[in-house]
Amino acid sequence: QIGFHLGLGQVEHDGKPQLIISGTNRVRGYDLATGNVIWECGGLSANIVASPVSADGMVYAASSYDTRAMLAIRLDGAKGDITGTDQVVWRRRRGTPYVPSPLLYGDSLYFLHHYQGILSRVDAKTGEERTGPFRLGGIRNVYASPVGAANRLYITDRQGTTLVMSHANPPKMLAVNRLDDSFSASAAVAGGELFLRG
């Protein structure tokens with residue numbers, strides 16, 4: 001099982017591809033065939049870095065530059081401006097990510113506070129945070145998005161440290177690996193290997 005990180009990418013909904021993009025103050029779903037906006041939702045900040053993630057008919061978008069916000073949006077029935085409607089299943093206004101994107105892994109959504117070493121884990125369906133947040137010792141500034149594979153989380157900071165954590169509740173520290181390099185790009189998982197670009 002691999003966790004999902006969706007950038008400016010394609011999502012299939014009702015048999016039609018959508019392009020989901022977080023931009024200044026809004027997240028939007030575009031019809032990939034025509035380029036038309038299908039839906040849009042306000043509530044994000046003016047400077048978006050984190051990419052949205054999506055699975056099971058839901059989209060999760062976040063920001064924390066000048067406005068701390070995370071939105072869980074139901075794609076089924078999303079049309080036009082859905083700001084403040086029931087299409088927004090839940091929202092969060094604290095501890096949201098700025099640079100690293102959230103990680104959707106199983107039924108959990110993991111994300112760092114701003115780009116610091118503080119990790120939250122919430123139920124993707126409800127937004128409920130049952131345990132945490134967790135202060136991650138040994139790492140500082142994190143630009144790379146966390147990734148998940150083989151029931152583990154991998155979180156790499158800009159100073160070359162990768163924390164390996166269990167995908168348990170609560171997560172447990174399994175290993176700390178250090179490389180003599182600086183990492184801003186997210187790790188890639190393929191064929192049982194983890195690729196890091198320094």
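Guide: Residues are numbered from 1 along each chain as its sequence is written, and side-chain values use heavy atoms, without hydrogens and water. In this predicted model, local features need pLDDT of at least 70 and side-chain atom pairs count only at pLDDT 80 or more, while totals for chains, interfaces and linings use all residues.

Visitor: What makes Y98 and Y115 a tilted pair?

Guide: Rings of Phe, Tyr and Trp (its six-membered ring) pair if their centres lie within 6.5 Å; planes under 30 degrees apart are stacked, over 60 edge-to-face, and the rest tilted. Y98 and Y115 are 6.4 Å apart centre to centre, with 35 degrees between the planes, so they pair and count as tilted.

Visitor: Why is the pair of Y115 and Y143 called edge-to-face?

Guide: The ring centres of Y115 and Y143 are 5.3 Å apart and the planes stand at 80 degrees, so the pair is edge-to-face. Y115 lies in the loop between β11 and β12, and Y143 in the loop between β13 (134-135) and β14 (147-149), 28 residues apart.

Visitor: How do you know which class Y143 belongs to?

Guide: Y143 is at 28% relative accessibility, so Y143 counts as partly exposed.

Visitor: Which residues do the ring pairs link into a cluster?

Guide: The cluster consists of Y65, Y98, Y115 and Y143.

Conventions
Helices (H or I, at least four residues) and strands (E, at least two) are DSSP runs, numbered from the N terminus. Buried means under 20% relative accessible area, exposed over 50%, partly exposed in between (1.4 Å probe, protein chains only).
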